[in-house]
Amino acid sequence: MAVDEARKRAGIAKRVSPHTLRHSFATHMLEAGADLRTIQVLLGHADIADTTVYLHLSRRHLQAVASPIEGIAVSSPDTVKRSRKKVKR
């Protein structure tokens, strides 16, 4: 098998299959910023679920995602404008 021969020449001790190369390709594409739809098309998956099942996200990729909470502007009590009207209690 060509993949096994390439593995030996590269000095890789782990088992490698064509699926390993395909998985690595998809993972590197994801880490480089490609969206799942693009990867789905490149891999020839009919269903996006097939793409998401075996693609894992690296810690670096997960850390690069901004939290929506970080985008919320919060005013400090000193900068909030208050009404001068008295509120009946």
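Okay, so buried residues make up 19% of the 89 residues in this protein, where buried means under 20% relative accessible area, exposed means over 50%, and partly exposed is in between, with a 1.4 Å probe and protein chains only. Before I go on: this is a predicted model, so local features need pLDDT of at least 70, side-chain atom pairs count only at pLDDT 80 or more, and totals for chains, interfaces and linings use all residues. Residues are numbered from 1 along each chain as its sequence is written, and side-chain values use heavy atoms, with hydrogens and water left out.

Now the inside. The largest nonpolar core has seven residues: Ala26, Leu30, Ala34, Ile39, Leu43, Tyr54 and Leu55. Helix H2 (18-31) and helix H3 (36-43) are the elements giving two or more residues to this core. By core I mean buried Ala, Val, Leu, Ile, Met, Phe, Trp, Tyr and Cys residues joined through side-chain atoms within 4.5 Å. In soluble globular proteins, nonpolar side chains tend to be buried together.

Take leucine 43: leaving out residues up to four places away in sequence, it touches Arg22, Phe25, Ala26 and Tyr54. A contact here is heavy atoms within 4.5 Å. Then there's threonine 27, which sits in helix H2. Threonine 27 counts as buried because its relative accessible area is 7%. With the sequence neighbours up to four places away left out, threonine 27 touches Leu55 and His56.

Over to the charges. Side chains of opposite charge can pair when their charged atoms come close. The rule is a side-chain nitrogen of Lys or Arg within 4 Å of a carboxyl oxygen of Asp or Glu, and the count comes to three salt bridges.

Look at aspartate 4 in helix H1 (residues 2-10), three residues from arginine 7 in that helix. Their closest N and O atoms are 3.0 Å apart. Aspartate 4 also meets lysine 8 in a salt bridge, at 3.5 Å, N to O. That links Asp4, Arg7 and Lys8 in a network. Arginine 7 is buried because its relative accessible area is 16%, while aspartate 4 is partly exposed at 25%.

And glutamate 5 pairs with arginine 9 at 3.4 Å. Which of those two is exposed? Arginine 9, at 72%; glutamate 5, at 38%, is partly exposed.

Terms used:
Helices (H or I, at least four residues) and strands (E, at least two) are DSSP runs, numbered from the N terminus.
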